[in-house]
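Subject: A structure for you to explore

Hi there,

Here is the structure I promised to pass on. Please open it beside this email and follow along as you read.

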Amino acid sequence: MPKAKKKSKLGGQLRPKQDQGFGSEEESIADNSSVVSNLSELRLDSDDDTLVEAEEEFITTHDFEDKFKEAMEGLLQKSAKSRVDSLEVIRKSLSSKFINIFIEERWFSLCDSVERSLKRGKGEEQVKGAVVAALLCIQLGSLEVGESAYNHLKLLLLTLLQDPMAQPSVRSQCATSLGLCCFIVNSNKEELQSIMESLYNVFRASLLKGNGALPNHRPEISALHSCALLSWNLLLTLLSPQHAISLADTHINKIPQLLESTDVDLRIAAGETLAIFHEIARQYYMNFEFEDQNILCEKLQSLATDSQKFRAKKDRRQQRSSFRDILRTIEDRESLDIRVRLDQETLYIENWCHKRQYDALCQVLGSGMKLHLQQNELLREIFELGEPLIDDQTIVKSSKLQRRSAHMAADKARTKCMSKLRDKRADVGC
C-alpha cells in the first residue's frame with residue numbers, strides 16, 4: 001500500500017537575507033532565485049500539507065517526460081549498470097503514475113528494449129525487465145495495444161520460465177509477470193490452459209515424490225514454485241465454474257500435498273488455491289465439498305494453530321493468520337471481509353478471487369497501487385469501482401499553489417521597490 005509522503009530533496013534556505021543598507025547585490029541574487037527554490041523554502045517554513053503535495057506534484061510533472069525519455073535512451077547503453085538503472089527509473093515511473101496515453105505512443109520501443117534486456121541481460125537486469133513487462137500491460141490494459149505488447153513479450157517470458165539454467169530469481173519474476181500479463185489481456189481458453197500447464201510443470205516439482213517423501217529444495221527454488229503456483233491460481237480466477245470443477249478433478253488431490261512444504265509461502269499459496277477452488281466450485285454446485293474434506297480441514301486447523309518453535313516467529317504469525325481465513329471459507333463457508341481505504345471511496349474485498357487479483361497487482365505496483373485503483377480504468381473495472389472519480393482536491397491544491405506563488409511574486413516586487421526607496425533616502429541624507 002502507499003507509503004508515507006517523502007520529503008522533497010529540494011529543501012534548504014535559499015532566499016538571500018535582505019540588508020537594510022545594501023540592496024543591489026541582494027536584489028541580484030533574489031532575481032536569480034528559482035521558483036522551485038522559493039517553494040522549497042515555503043515547504044520548510046510552512047505546516048500546510050496541501051501546499052507541499054501540490055508543490056511535489058508540480059515539480060514531478062514538470063520534468064517527468066524528459067526523465068522517462070532519458071531512461072528509455074539509457075536502455076540502449078552498453079553498460080549493464082546503466083541499463084539496470086534505466087529500468088529502475090521506468091519501473092518507478094510506471095508504478096507511481098497512470099500514463100497510458102504517454103505509453104501508447106512509445107509501447108513498441110519499450111517492448112523492444114525490454115525484450116533486449118530479457119534476452120541479453122543477466123540476473124537483475126532480467127528481473128527488472130520482467131517487472132517492466134508486467135507494468136506495461138497494466139498501463140495499456142486489455143485493449144488491442146495491450147494485447148500486442150503481451151504477444152510481443154509472452155514467448156520470451158515463457159522461455160525464461162522453463163529454462164532450468166536461468167537464475168531462480170529470474171524465473172520467479174517471469175512466472176509472476178507472465179501470469180499477470182495473461183490475466184490482464186484475458187487470453188482465450190486454449191492459451192489460458194497452455195500457460196497454466198506451463199506454470200503447473202514448474203511447481204509440480206514440490207509435490208510429494210512417488211514414495212510419499214517430501215522433496216528437499218533450496219529456498220530460492222521453493223520461492224520459484226510459490227510464484228508459479230500463485231500465478232496459476234491467479235489464472236484460475238478467470239475460469240468458469242464448470243471449467244474449474246473439471247480442472248479440480250485433476251488437481252484437487254495434488255494441491256493439498258503442498259501443505260506439507262517446508263516453505264511458508266508455498267504452504268499459504270496452496271491454501272489460497274484450495275479456497276479459490278472451493279469458492280468457484282460453489283457458484284456452480286452449492287453443496288460442493290472436497291474429497292476427504294474432514295481430513296483436509298484437520299490439516300488446515302493444525303496449520304492455523306501451528307506453534308512449532310523450529311519455524312520463525314514471523315512465519316508462524318503469517319501462517320496462522322492466513323489459514324484461519326482459509327479454514328473459515330472451506331469449513332464454515334464464510335466470506336472474506338477486507339476493506340481498502342481510497343480517500344473518497346472504499347474497496348471491499350469479499351472473495352478469494354478478488355484477494356488473489358489484488359495481491360498480484362500489489363506485488364508489481366507496490367506503493368502505486370492506491371493511485372492506480374483511483375485512476376486506472378482497468379483496475380477499477382476488475383474490482384467493480386466504476387468510473388474514476390474527479391478529484392476536486394487537485395483543483396484546490398493547484399489554486400492554493402498559484403495564489404501562494406502570486407503572493408511571493410508581489411512580496412518580491414515590493415521588497416525591491418522598498419529597497420530602492422531606502423537607497424534614495426540614504427543618498428539624500430548624505
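Below is what I found, topic by topic.

This is a predicted model, in which local features need pLDDT of at least 70 and side-chain atom pairs count only at pLDDT 80 or more, while totals for chains, interfaces and linings use all residues. Residues are numbered from 1 along each chain as its sequence is written, and side-chain values use heavy atoms, with hydrogens and water left out.

Helices here are DSSP runs of H or I with at least four residues, numbered from the N terminus. Let's start with helix H4, residues 80-96. The expected span of a helix is 1.5 Å times one less than its number of residues. For the 17 residues of H4 this gives 24 Å, and the end C-alpha atoms are 24 Å apart, which agrees.

Several residues of H4 are buried, including Val84, Leu87 and Glu88. Buried means under 20% relative accessible area, exposed means over 50%, and partly exposed is in between (1.4 Å probe, protein chains only).

Which residue forms a salt bridge with glutamate 88? Lysine 92 does, at 4.0 Å from N to O. A salt bridge is a side-chain nitrogen of Lys or Arg within 4 Å of a carboxyl oxygen of Asp or Glu. Glutamate 88 and lysine 92 both lie in H4, four residues apart, about one turn of the helix. An α-helix has 3.6 residues a turn, so residues three or four places apart point the same way. Lysine 92 counts as partly exposed because its relative accessible area is 46%.

Now look across to lysine 128, which lies in helix H7 (residues 124-140). Is lysine 128 buried or exposed? Lysine 128 counts as buried because its relative accessibility is 16%. Its side chain makes a polar contact with the side chain of glutamate 88, at 2.7 Å. A polar contact is a pair of N or O atoms within 3.5 Å; within protein, one must be able to donate a hydrogen and the other to accept it, and residues adjacent in sequence count only if both atoms are side-chain atoms. Leaving aside neighbours within four places in sequence, lysine 128 is in contact (heavy atoms within 4.5 Å) with Val84, Leu87 and Glu88.

Arginine 106 is buried, with a relative accessible area of 17%, whereas glutamate 105 counts as exposed at 59% relative accessibility.

Another links aspartate 359 with lysine 355, where the closest N and O atoms are 2.8 Å apart. Both residues lie in helix H16 (residues 352-365), four residues apart, about one turn of the helix. Lysine 355 is buried, with a relative accessible area of 17%. Salt bridges that share partners also join Glu88, Arg91, Lys92 and Lys128 into one network.

**The nonpolar core**

A nonpolar core is a set of buried Ala, Val, Leu, Ile, Met, Phe, Trp, Tyr and Cys residues joined through side-chain atoms within 4.5 Å. In the largest one, with 112 residues, Phe68, Leu180, Trp232 and Leu236 touch the most other members. Helix H13 (residues 264-284) gives the largest share of this core, 11 residues. Leucine 180 is in contact with Ala134, Ile138, Leu234, Ala360, Leu361 and Val364, leaving aside its neighbours within four places in sequence.

**Helix H10 and its surroundings**

Helix H10 covers residues 189-203. Among its buried residues are Leu192, Ile195, Tyr200 and Phe203. What do the buried residues of H10 pack against? They pack against helix H8 (144-162), H9, helix H11 (219-236) and helix H12 (241-251).

Histidine 251 is in H12 and is buried, with a relative accessible area of 6%. Not counting residues up to four places away in sequence, histidine 251 touches Tyr200 and Trp232.

**Cysteines**

How many disulfides does a search of the whole structure find? It finds zero, a disulfide being a pair of cysteine sulfur atoms within 2.5 Å. For cysteine 111, the nearest cysteine sulfur is that of cysteine 137, 7.4 Å away. Cysteine 111 counts as buried, at 0% relative accessibility.

Enjoy exploring!

Best wishes

Key:
Helices (H or I, at least four residues) and strands (E, at least two) are DSSP runs, numbered from the N terminus.
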